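Hi,

Here is the structure I promised to pass on.

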Amino acid sequence: MKPISLTRFLIQEQHAGHINADLRLLIEVVARACKTISNAVGKGALGSVLGEAGTPESASVNIQGEAQKKLDVLSNEILLEANEWGGHLAGLASEEMEHSHPIPNAYPKGNYLLLFDPLDGSSNIDVNISVGTIFSVLRCPDGITEPGDEHFLQPGTAQVCAGYTTYGPSTMLVLTVGRGTHAFTLDREQGSFMLTTRDLQIPVETKEFAINMSNQRHWEAPMQRYIADLLAGKDGPRGKDFNMRWVASMVADVHRILTRGGIFIYPLDAKMRDKGGKLRLMYEANPMSFLVEQAGGAASTGRGRMLDVVPTGLHQRVPVFIGSKNEVNAALRYHAEFDAGK
Ligand code: AHG
Ligand code: MN
Ligand code: MN
């Protein structure tokens, strides 16, 4: 059967009463912006988009204290510009901006809030490895026309839509509006995202894990024990051999898990204890957790369901455990036993 386009998929969702016209427009606009980012990423060195933002004398640093790449800044501008004037949003928030951005009064306003990590996996930009964009959509609280940061602080269960694009060998968009997780592949000749897998299902069991092993000595005791047992393989308590993968782009690692299963972990470690973790709750962990749950997987902080976390800050960080259900639960058991003093 001929694949259907994202546009047709969204119109069908609207006609079935699963989304309204504003959410359809929002997703179309985000997808269009991601096509522009995909083109910029794809040009690589020919597009003068590689390397650090700012000047050698004064490097550009975001609110997280991280050096910004040119593509971080460019992708943020593309998403901002595309989403400001359509009338579907009340406000936006981004990894690259300290505070949220209410839609200016010059434009019509809608009822949704959009959060994004414009370019995920920045350390891979200059070495031609997959990067991506992650986004999350919330409702603007009733009666609020000029949302501030506090109006974005809603738990992941309040998300009405989440998705990511991955700019890899092919550009893909993976999307949920709370009715399964669906994957679209960009047809570069037509310029359209085409539905290539409806209802992704993450295998419940896995033999593959993704973690930055170089942080091992900084992890908490239950993490040390859990990974040691995976590494012990067939002869250890888990009784099977595990394979390891780490792209260092969350989008690419999670995309692999949505495709063939696995567990992705960015645990708390001693270096980042004060910050709460490495990955950001609002525009990394929550949208990915929504997508993974909708595909039959599990998502946790190691101590509780990710989507239940009540946020306290726009750039709040959390430990992340997501992927195949039984493996996430196995990792949680190590933490529960440790917390119970066993
Ligand atoms: P970002 O590029 O948006 O700052 O996110 C990078 C994140 C995530 O994509 C990835 O999983 C992780 O950082 C990689 O961390 P390490 O550098 O520790 O491997
Ligand atoms: Mn990121
Ligand atoms: Mn980023």
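**Salt bridges and what else turned up**

K240 and E205 form a salt bridge through their side chains, at 3.7 Å from N to O. K240 sits in the loop between α5 (221-231) and β10 (243-244) and E205 in the loop between β8 (192-197) and β9 (208-210), so this pair ties together parts that are 35 residues apart in sequence. By salt bridge I mean a side-chain nitrogen of Lys or Arg within 4 Å of a carboxyl oxygen of Asp or Glu. K240 is buried at 17% relative accessibility, while E205 is partly exposed at 48%. The cut-offs there are under 20% relative accessible area for buried and over 50% for exposed, with partly exposed in between (1.4 Å probe, protein chains only).

Before you read on: this is a predicted model, so local features need pLDDT of at least 70 and side-chain atom pairs count only at pLDDT 80 or more, whereas totals for chains, interfaces and linings use all residues. Residues are numbered from 1 along each chain as its sequence is written, chains are lettered from A and ligands numbered from 1 in the order in which they are written, and side-chain values use heavy atoms, with hydrogens and water left out.

The salt bridge count comes to 18. Another one joins R305 and D308 (3.5 Å, N to O). R305 is partly exposed at 37%, and D308 is partly exposed too, at 45%.

**K69**

K69 is one to click on. You'll find K69 in the loop between α2 and α3 (70-84); helices here are DSSP runs of H or I with at least four residues, strands are E runs of at least two, and both are numbered from the N terminus. Is K69 buried or exposed? With a relative accessible area of 13%, K69 is buried. Its side chain meets that of E52 in a salt bridge (3.1 Å, N to O). Both residues are in the loop between α2 and α3, 17 residues apart. E52 is partly exposed, at 42% relative accessibility.

The side chain of K69 also makes a polar contact of 3.1 Å with the side chain of D126. (A polar contact is a pair of N or O atoms within 3.5 Å; within protein, one must be able to donate a hydrogen and the other to accept it, and residues adjacent in sequence count only if both atoms are side-chain atoms.) Leaving out residues up to four places away in sequence, K69 touches G51, E52, A53, S122, I125 and D126, where touching, or contact, means heavy atoms within 4.5 Å.

**Two domains**

The chain splits into domain 1 (6-197) and domain 2 (208-339), with bounds from an automatic or database domain assignment. Their C-alpha centres lie 24 Å apart. On the domain 1 side 50 residues are in contact with 30 residues of domain 2. The buried area between them is about 2800 Å², with 63% given by carbon and sulfur atoms; that is the accessible area (1.4 Å probe) that the two parts lose on being put together, summed over both.

Three salt bridges cross this interface, and 16 residue pairs are in polar contact between the domains (both at pLDDT 80 or more). Strand β4 gives the most to the side of domain 1 that touches domain 2, with seven residues.

**Cores and a covered helix**

The largest nonpolar core has 44 residues, and L23, L114, F135, V137, C161 and L175 have the most contacts inside it. Helix α2 (residues 21-43) supplies the largest share of this core, eleven residues. Apart from it lies another core of 42 residues, including L138, L281, M282 and M306. A nonpolar core is a set of buried Ala, Val, Leu, Ile, Met, Phe, Trp, Tyr and Cys residues joined through side-chain atoms within 4.5 Å.

Helix α7 (residues 281-294) is mostly covered, with twelve of its 14 residues buried. Among the buried ones are E284, N286 and S289. Just after α7, G296 takes a positive phi of about 85°.

Cheers
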